[in-house]
Amino acid sequence: MMGMMDGKVALISGGAEGIGGTAGRRVVEEGGSVMLADIQIEKARELAASLGDRADAVELDVRNLDQWQGAVDATKKRFGKITTLFNVAGISEPGSVDEVDLDSWNRTIDINMQGTFYGCRVGLPAILESGEDGTIVNIGSMLAMRPGAQFAAYCASKAAVTALSKSLALHCAAEKYPVRVNTVHPGAIDTPMYQRYLAAYPGPHDEAVELFNRNHPINRVGQAVEVADAMIWLASDLSSFTTANDITVDGGGSYRE
């Protein structure tokens, strides 16, 4: 039985854990090969080793364009090509416009927005070089669709990623490049980032969980595999007529009352 990613090679930023790591696992499960790129290189290597011969890892700080090129080159050397780019690496730190720490603002923009741009910049030529149909999936957020007052940098960076995805998708279509570009918008997802927010909450743990749950009409947070499965669909041939699109995986959170 053929998998949804048979014959495809994915490069994933933020591939050591969370959504990126789960997406890497799903790529392999669906018959593809994956390069897990992350600044947490030891975690990425451990995960790659657990996934078998069709997975490998490379160190990547997404703020560094040269490291991005190195990750692309390593993927082509290891697997012969790149057909798929998942831009997952990102951070979330609280702060309103008038109170956000400026270092936090710059760090968030550099990683979430600039890092995604760098990935697209070096990833697109590599995908075209494969001569095959390709895909880029960028990770946005339900807060790009419905911003929150206390997350100025995160909301701004993810809204920028959303617009960047559409711009690139339209460019590829206009140039007749066989590359589709879409954005997946997760809600709160049970990942290490989510667990850090729970740990930082000043009140009881159960109260923090309930606060996150209430942000989603389904009344729970999501699981990383639920986001990864949307990414796999967008990277597969099953979504061949889908580009410049926003896929929300947020339990209705972007339309909450």
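**A friendly note on this predicted model**

1. Thr-135 has its place in strand E5, where helices (H or I, at least four residues) and strands (E, at least two) are DSSP runs, numbered from the N terminus. Thr-135 is buried, at a relative accessible area of 3%; buried means under 20% relative accessible area, exposed over 50%, and partly exposed in between, with a 1.4 Å probe and protein chains only. Leaving aside neighbours within four places in sequence, Thr-135 is in contact with Thr-83, Thr-84, Leu-85, Ile-127, Val-179, Arg-180, Leu-234 and Ala-235. Contact here means heavy atoms within 4.5 Å.

2. A word on how to read this note. The model is predicted, so local features need pLDDT of at least 70 and side-chain atom pairs count only at pLDDT 80 or more, while totals for chains, interfaces and linings use all residues. Residues are numbered from 1 along each chain as its sequence is written, and side-chain values use heavy atoms, with hydrogens and water left out.

3. Now the whole chain. The protein chain has 9 helices and 7 strands. Its radius of gyration is 17 Å, close to the 18 Å that the globule rule gives for 257 residues, so the chain is as compact as a globular protein of that length. That radius is taken over C-alpha atoms, and the globule rule is 2.2 Å times the number of residues to the power 0.38. Along the principal axes, the C-alpha atoms fill a box of roughly 50 × 40 × 35 Å.

4. How much of the chain is buried? Of the 257 residues, 51% count as buried. The accessible surface of the protein chain comes to about 11,900 Å², and 53% of that belongs to carbon and sulfur atoms. These areas come from the Shrake-Rupley method with a 1.4 Å probe; for residues, only the protein chains shown count as cover. Among contacts between residues at least 6 apart in sequence, 70% join residues at least 24 apart.

5. Next, the charges. The protein chain carries 22 positive and 33 negative side chains, and the centres of the two sets lie 4 Å apart. Lys and Arg count as positive and Asp and Glu as negative, while His and the chain ends are not counted. Each charge is placed at NZ of Lys, CZ of Arg, CG of Asp or CD of Glu.

6. How many salt bridges does the structure hold? There are 13, a salt bridge being a side-chain nitrogen of Lys or Arg within 4 Å of a carboxyl oxygen of Asp or Glu. One of them joins the side chains of Asp-61 and Arg-63, at 3.0 Å from N to O. Asp-61 is buried, with a relative accessible area of 18%, whereas Arg-63 is partly exposed at 39%.

7. Another salt bridge pairs Glu-132 with Lys-81, with the closest N and O atoms 2.7 Å apart. Glu-132 lies in the loop between helix H4 (102–129) and strand E5 (134–139), and Lys-81 in the loop between helix H3 (65–79) and strand E4 (84–87), so this pair ties together parts that are 51 residues apart in sequence. Glu-132 is partly exposed, at 31% relative accessibility.

8. Arg-220 and Glu-226 also form a salt bridge, and their closest N and O atoms are 2.8 Å apart. Arg-220 is partly exposed at 37%, and Glu-226 is partly exposed at 31%. Elsewhere, salt bridges that share partners join Arg-26, Glu-29, Glu-30 and Asp-229 into one network.

9. Glu-93 is found in the loop between E4 and H4 and is partly exposed, at 24% relative accessibility. Which residues does Glu-93 contact, leaving aside its neighbours within four places in sequence? They are Ser-104, Arg-107, Thr-108, Phe-151 and Tyr-197. Glu-93 and Tyr-197 are 104 residues apart in sequence, and 9.3 Å apart in space from C-alpha to C-alpha.

10. Lys-176, in the loop between helix H6 (152–174) and strand E6 (179–186), has a phi near 60°, a positive value in a residue other than glycine. Lys-176 counts as exposed, at 72% relative accessibility. Ala-244 also has a phi near 60°; Ala-244 lies in the loop between helix H9 (224–235) and strand E7 (246–249) and is partly exposed at 24%.

11. Lastly, Val-209 sits in helix H8 (residues 205–214) and is partly exposed, at 23%. Not counting residues up to four places away in sequence, Val-209 touches Tyr-194 and Leu-198.
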